[in-house]
Amino acid sequence: MRVVLLCIIGLLIAGTACNKKADIDLPYEGDRIVLNTFIQVDSPVYIRVTKSQPVAVINDLNFQELPQAQVTILEDGAPYGTVNWQQIIGKGYFVSSLPARPGKHYTVTAAMTGLSSVRGTDSIPMQPAVQDLFAQKGGNQVRFTLQDPPGITNYYRIHLYEADTTGGELKAKKRIVYRLDPSFSNNFADIVSDAFYEDIVIKDERFAGQTVQFVLQTSNTIDYRFMMAQVIGISESAYKYLQTAARQQSDADESNALTPPVKVYSNIENGYGIVAGMYAKWISCKVKE
Amino acid sequence: MSKLLLGMLLSCVPLQVLGWDWHTRVTLVLKEESLLTACRLLEKNYGIHFSFSRDLVDLSRKVTINARNKPLKKVLELLFEPNDIAYTRIGNQVVLTVKITPARTISGYAEDAHTGEKLIGATIYCPGQQAGTVTNQYGFYSLTLKKDTSSLLASYVGYTPQRYPLPATGNRQLTVALQPLNSLQEVVVTENMQPHLQEQTQMSKINLAVTEVKSVPKLLGEPDVLRTLQSLPGVSGGAEGSGGMSVRGGSPDQNLVLLDGTPVFNSSHVFGIFSVFNPDIVKNADLYKGAFPARYGGRLSSVIDISMKDGDMKEYHGEVSISTIAAKFMVEGPLWKDRTSFILSGRRSYIDLLLQDAMNKTLGLGKKGDFYAYFYDANVRINHIFSPKDRLYLSAYGGEDALSIKEEHDNSDGDDPSPGPYNQKNGFRLGWGNLTGTLRWNHVFSPRLFSNVTFNYSQYYFLTNYHYEYDGITVPEHSELYGRYISRIQNGVGKIDFDYRPNPNHAVKFGIGSTTHIFKPGSFFFEDNSATPSLPDTTYNNFNTVGVEMIMYGEDDWQLAPNLHLNAGLHTAGFLVEKRFYLSLQPRLGLRYLLPQHWALKAAYTHMNQPIHLLTNNGTNLPTDLWVPSTQKVRPMLSRQWALGIAKTTEDHQYEFSMEAYFKSMNNVIEYTEEASMFNSAGKKWDDQVIIGSGRSYGGELLLEKKLGNTKGWLGYTLAWTDRQFPDVNNGQRFPFKYDVRHNIELTFMQRLGKHWELSGSWQFATGMPVTLPVASYEGIQDPSPYDPVAGPGQRVDELGPRNAVRTANTHRLDLSVTFTTTKKKRTRTWNLSLYNAYNQKNPFFYQIAVDYNKQERYLQQVTILPILPSITYSIKL
């Protein structure tokens, strides 16, 4: 409802608004280390360590990397392997020598001369229990079943992929944009606004402890042979970060005047960024002809 | 010549040599001297000895007298009669004793002689005894006089003052029917004249004349009570174009808005741009910013008490008007002449009807689609007089903002296809509004005791529903979803109030009441008739919480001494919710001391308690905000306010001047945690997502008002500070509240030009409001691994700096209005042209980060939404 209201108000404002450069300089509170990693089970830990910069600077998302930083990983409080600086697809990462493991608690630290040392910590959540992915060619609906564990609050992130077989192995090719039945997200706005997403995070408050069938409506008609779904169990920190970052981005895109500026969640001491745990489950299906 | 010589001789001989009698001519000129001084002068100059007991007869009272060569009897009468002192000659002495006379009480109603409309705040005055009172909000007065008087004077602005003769003795019931000054003009019942400010102990109160509301410049042609209130000192409307109203640094949910005594939870339309009160049916509007009378409670920061008109008891009248965005009507008249009257009004915006086709195309709703977006109000009131002692009022209000969108695409229709191989229908409706109903019974128990019994109901709701149908054409897919959301707060009130005037030195008000609150903070209902239904349960958060509030209050406006008045009151409230009970004792104290030159020094100290909270973000209030009761963790809000000021109304009622300073503390104020997203519904554990803090505000206000004549208006200035403190925000440091505006100046004038024209203008200036700006940018993250199948492009994150640490630009704006009125054969036509933001000042509505690609930099961009806006209103009144 709020989203719909905000859209309406946005339209009203857009009809009459005029803009000009404000006579206020954007402040800068100085350089800090930015530490970012989503720690995923069975995968090495990829850690980005960069430096913050003034708000006014345009950089096309090329933030200064800090390859000289000293980075460590602790698992349940004990040192866990080593990290090495690597260039991957044009970007520098500190990559752990060991993969993350289920049920563990990780702490990542980074230090750099001239900047305050930072640290962030989080746990690995449970792997989602999902199955029975179904889609039909020429249709716009995708279904799967999720069994939500009782007794705790669970958070999920859902990606849908168009997939194909390469060398006999099924591989995700392209993300599909979709929307969720509003009865899951309590968000009627998607129905009205025709809004589709490729990345949705959701809390289990509507189906805690239940086995439910998710019905997703895709934006484009399904005309491919295979489909994959990645349902990721995410920690509370990851949920807060993804939610607030998406809200900040959305407010910026839509010139949202009515909500206060969104503070993006961070669990990094003395710096910025996020250290958060995730545990993905992949399911796939052949699209029914 | 011999007579002249004799005269000169006599003037040199002390009079006491000759003795005295009641006809002896004396001269006595005193200014603000005590009675004792007067007696001593008479004794010294004329040998008149006074005998009295100091314990019984108070000769310290100050008198002013200018008697030259008057008979002694007359002079003593002037000195002692007003002070209730009897004088008798015994031998060669004047013996002074306390005069005991039976008090008498004159009571009744003040009304308009033409329409029978009750007049709120009319002055009933006994000049001889310098005693008076004003009618209460039902038009009732009770004046107890210490002694007999032959007449009373009644006055009210816009009416001819009138003297009413009284029988010699005894209590009397007297209906005061005043004649409007110009019967050709609109019958002015809305503009009242309070007694002089220096005669009121009440401070921090502003009475708004509704004729002024109609005269001041309008936004889009709609006169607005609340918008006019926002142009007064101590009241801030937030960013230009937003509708929140902050009084002395409070938040909008801390304002108690009453319509005929019934709370109205959402008092605005179109996200705060217009208020829900149609000025055509408003009789009186009072704003209390502090020094709250004991009868009010339940909110921290202000009370806005609005009374509807009763309806004409004698003749039928009607009014129709159309403005740039809305059309409205009002009709009133007698159902039973002089016994029963009614008033009925309605208003609806009509822009959506004009733009429907364009909106259908713009939104791609299809040929069978519909689009409506409107607001409406409807008011009705019936007033019946059973007897001089009993009256009944029944009033109701309903109003709503609504949006309705219907979209339909059918692929079998080649002109109106769906975007994919499916047929799709969806309907969406969204609305919010208030419903209120009030039943009041006035009963006069005795000339000194008036009562009012009230039962009222109030509801605010926000609802949404959607219906969605999807049918695949090439594959057998079928979805049929229905969803509904509703949030609501309901109030049921029963109370009885008494107005008791035991003697001239006391005006007592007391009462008890109970309010039942029913909270439904956001319930979802879903139906899934699809081929493969998803969720097993169909409702979410569907529960009500019931809270019962009980109040008891009493207050006494007490004349402690001729120059000193005390208003002492206590408001006791208990709030019972989910087996928890919150008790609060709220003292309400006011003091008035009359200074020389008829200035009044006033002071007040009040506690206010608010057991209900509004869940809102700290940006702008929205109709989706949720009312919730206090919980174990989030206790009722409490404020303490101190106020000190001086005030004066000139003798001729032309000018009023008041200056006040205040300090207010607020505890248990809440806001969302920083990472909490906005609520769609408040479940049982909503209080886990809010933080609890405190606030304070302090400052000074100055108001100079010209109330009479062809030129009217006011100049207001506010100097204010308000801040908040939460343990988890800004490292626990205080930060400026979003309504923290240091300086605010408002200048409003209304100038009548002849019989037909009126010009008005309003200029407002405010220093910048606080905003939060980002202080750094950094790289965000979207995916765990650079090898993910489709890694996102990454994201830039802006880190927010300290809360509200930066000030926006100053704002100022001039609004102008010209009104032309003609009257022919009892038909009055009015044209009004208003110019909002006449010099097109680009005031900030909000700020956003923008990119200048030429300069390769990001910068802060100011967005203005209200440029110069002309509007026109036409009305015809019969």
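Student: What distance separates the centres of domain 1 of chain A and domain 2 of chain A?

Tutor: Keep in mind that this is a predicted model. The domain assignment of chain A gives domain 1 as 30-124, and domain 2 as 129-236 + 278-286. Taken over C-alpha atoms, the centres of domain 1 of chain A and domain 2 of chain A are separated by 29 Å.

Student: Okay, and which strand gives the most to the side of domain 1 of chain A that touches domain 2 of chain A?

Tutor: The contact takes eight residues from domain 1 of chain A and four residues from domain 2 of chain A. On the domain 1 side, β2 (33-40) and β9 (115-123) of chain A each supply at least two residues. The residues on that side divide into five nonpolar, two polar and one charged. With three residues, the one that gives the most is β2(A).

Student: Over to chain B: is Ser446(B) buried, exposed or partly exposed?

Tutor: Ser446(B) lies in strand β28, residues 422-446 of chain B. A residue needs 20 or more other C-beta atoms within 10 Å to be buried, and 12 or fewer to be exposed. Ser446(B) has 13 C-beta neighbours inside 10 Å, so Ser446(B) counts as partly exposed.

Student: How far apart in space are Ser446(B) and Tyr500(B)?

Tutor: Along the sequence, Ser446(B) and Tyr500(B) are 54 residues apart. In space, C-alpha to C-alpha, Ser446(B) and Tyr500(B) are separated by 9.3 Å.

Student: What distance lies between the end C-alpha atoms of residues 48-99 of chain B?

Tutor: UniProt lists residues 48-99 of chain B for "domain: Secretin/TonB short N-terminal", in an unreviewed entry. In the model, that span is 17% helix and 48% strand. Its end C-alpha atoms lie apart by 20 Å.

Methods
Residues are numbered from 1 along each chain as its sequence is written. Chains are lettered from A and ligands numbered from 1 in the order in which they are written. This is a predicted model: local features need pLDDT of at least 70, side-chain atom pairs count only at pLDDT 80 or more; totals for chains, interfaces and linings use all residues. UniProt positions are given in the numbering used here, feature names are shortened, and annotations may be inferred rather than shown by experiment. Helices (H or I, at least four residues) and strands (E, at least two) are DSSP runs, numbered from the N terminus. Domain bounds come from an automatic or database domain assignment. Two residues are in contact if their C-beta atoms, placed from the backbone, lie within 7 Å. Ala, Val, Leu, Ile, Met, Phe, Trp, Tyr, Cys and Pro count as nonpolar, Asp, Glu, Lys and Arg as charged, and the others, Gly among them, as polar.
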